[in-house]
Amino acid sequence: MNLKKHSNCLSQAIPPIKSWLHGNKLNYLALAVSVFPIASPQIHAATENNLNQTVQSAQSDKVTYQGVVIDENGNPLPGVNITYKNAHGVGVITDIDGKFTFAIPSNIHSLIFSYVGMKTQTVRVSNPSEKLKVRLEPDAVSLQETVITGIYTRKAESFTGSMATYSEKELKTVGNQNVLQSLKVLDPSFIILENNLAGSDPNATMNLNIGGNTNIVGLETEYSTNPNQPLFILDGFETTLSTITDLSMDRVASITILKDASSTAIYGSKAANGVVVVETKKPEAGRLKFNYNGNFGIEWADLTDYNLMNSSEKLEYERLAGYYGSLDSNGNIIDEYYRSLYNLRLLRSKQGIDSYWLNEPLQTGFTQSHNIFAEGGDAAFRYGVGMTYTQTNGAMKNSSRDILNGNVQLTYRIDKFAFTNQTNITNTDVENPTVSFSKFAQTNPFYDKYNEYGEVEQVMEEIISATSGTQYITNPLWDFNQSSYDKSNQLTFVNNFQIEYRPISELRIRGKFGLTVGRYNAQVFKSPEMSEFLTTEVLKKGSYNESNTKSSSYDGSLDVSYGKTFGKHTVNAIGSMQISENQSNLSIFQAIGYSATCSRIRTSQTDIQKAVNQVLRFPESDMPAIMLTSTTDISCATCWTSTFVPTVRLYME
């Protein structure tokens, strides 16, 4: 075939075809390549160039998009996953400043942004030259899909251990007493054992565990704490049960309970009883903002369960139980003395004496909590300053707990570094009743509370026994009205510093250092007029005990974590090391022997120090430092007798 001849013939037909192709907006060169053999070098070069473009288009040219991801307050979000539909494992993660660069095929016009605790968002993209700014919204439901262990945060779907996470809203829904009481309602595995002896005492230490006791019970004295108690983590640092108990619910963001060995393995053997991880709210960026939360509560004793016997019932029960000795065939008491005692009590009952003692030490308890928090800053620097005051008055008179807390949180981000510092100062004042509720519950109803003059008498009855001597039945109201007290004060300073470095998005290196300094003072005074000193010799009545504890501790750790996704596979590796030390110094002062008849005096610490040194006979150069209040006001019921040097016991370690 003569191709040149055919080419000349066809070339005559090209102009009208070309005109038709242009009129219909069709690609003339693409058609020419597909149908006509074109020998012209210029046309051949153009056709080849267009062919390359067509091939490149078929192979999907890549375009690069850049931008930043922020939260609802404008703060950058590091670690946000960015991908697209049918990406087959292709994706990027935002850096420490929330920025990203992502090269995708040109035929992809939407990106998918996902982050733990935020709603997944799909964003349309079209112009690569325009920087994207994506704002993610929080997702309350997604919190349940998150596991916060205090060392790292992971999605629940990839977490193999047993755990449960609860948000601030869930905790407040079931109560506002404290976070632990709310956990008890929300999680059946979180058990707080009822202490019937402590009742509603706001200062009683909780006895709690996760999933039941794992150690021998009754070892609190030997180990100084409950060995069945879980480990508590507050914002990545170990803390105590009392700190979590006193923590304001308004400061809590979420609580995670780690229950089994798989979930608690990162904390070692000290987490054998489970771990409670508490995360507090972080400062939000933006203009200076003030937040106030107030809570008020009221509590009273429900005595309907105490179905106690009245005077006549109790007397009859004692007679039949043999308290007054043997009975004759007619049911009469044989012993003459006890028969007289029974008749005397029966006479009181017939006269209408039927005292109800349970309500005497009780009151209506009011609880109030106030929290104010100021926060602000920008994407690089954020700050938060807060103060919390909580006052709890128990259902028992003279039982209270006052907590004043101040806290400062600072966060600074620069390049691949993030610095966080949290400072907390807490002052706690505690007062406990000197007469227990059980004393009132044990008092018989056939005793009158007051005499005919409306006065409280100390001794309500004397019982003379041939075997045990004279027994005095005392009035608990007498002891309750004395000047005795049981109070304590604790001041704690805690500073936690944390630095985080992300050389790459998949690798995180974090160092932490926490310092805790505390001071504890407890004073217990028993008036010489208390009933327990009724038969004590005069010069040994009354006592005063004071203990002072100074403690300090530090806790440092270094954590390295790596996480990366390869297609459908996820790799996580964690390494950690920790160093810690605790020191404490305890001193105890005890004095015995007070007079109830002396006038009011004012005793200085110098006078007490001299009395202590006189008893212990320390040389002046070796004089021990005894921590006492600078001045102590002592009422007429609390001063030493002039003829008796108090007994002093000093313990130091």
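How many bridges join strand β2 to strand β5, and in which direction do the two strands run? Select residues 81-83 (β2) and 110-114 (β5): 3 bridges join these strands, which run antiparallel. Strands (E, at least two residues) and helices (H or I, at least four) are DSSP runs numbered from the N terminus, and two strands pair if DSSP finds at least two bridges between them.

The model is predicted: local features need pLDDT of at least 70, side-chain atom pairs count only at pLDDT 80 or more, and totals for chains, interfaces and linings use all residues. Residues are numbered from 1 along each chain as its sequence is written, and side-chain values use heavy atoms, with hydrogens and water left out.

Then extend the selection to the open sheet of 4 strands, ordered β3-β2-β5-β6 with antiparallel pairing. The edges are β3 (92-93) and β6 (121-124); each has a single partner strand, so one side of each lacks a neighbour in the sheet.

**The nonpolar patch**

Next, select F381, V385, V408, L410, Y412, I414 and F417, a nonpolar patch on the surface with about 530 Å² of accessible area together. The elements giving two or more residues to this patch are β19 (381-393) and β20 (400-414), and β20 gives the most, with 4 residues. Accessible areas come from the Shrake-Rupley method with a 1.4 Å probe, and for residues only the protein chains shown count as cover.

**Two residues of β19**

F381 lies in strand β19 and is partly exposed, at 35% relative accessible area. T392 also has its place in β19, but counts as buried at 19% relative accessibility. Buried means under 20%, exposed over 50%, and partly exposed in between. Beyond four places in sequence, T392 is in contact (heavy atoms within 4.5 Å) with P202, F366, T367, S399, S400, R401 and D402.

**Confidence**

Finally, colour by pLDDT, the predictor's confidence in each residue from 0 to 100. The protein chain averages 79, and 75% of the residues score at least 70. Over residues 615-653 the pLDDT is below 50, although this stretch has 101 contacts in the model beyond near neighbours in sequence. Where pLDDT is low, the predicted coordinates should not be read in detail.

Definitions and conventions:
Patches are made of residues with over 30% relative accessible area and no salt bridge: like charges are joined within 9 Å, nonpolar side chains (Val, Leu, Ile, Met, Phe, Trp, Tyr) within 5 Å. A salt bridge is a side-chain nitrogen of Lys or Arg within 4 Å of a carboxyl oxygen of Asp or Glu. Buried means under 20% relative accessible area, exposed over 50%, partly exposed in between (1.4 Å probe, protein chains only).
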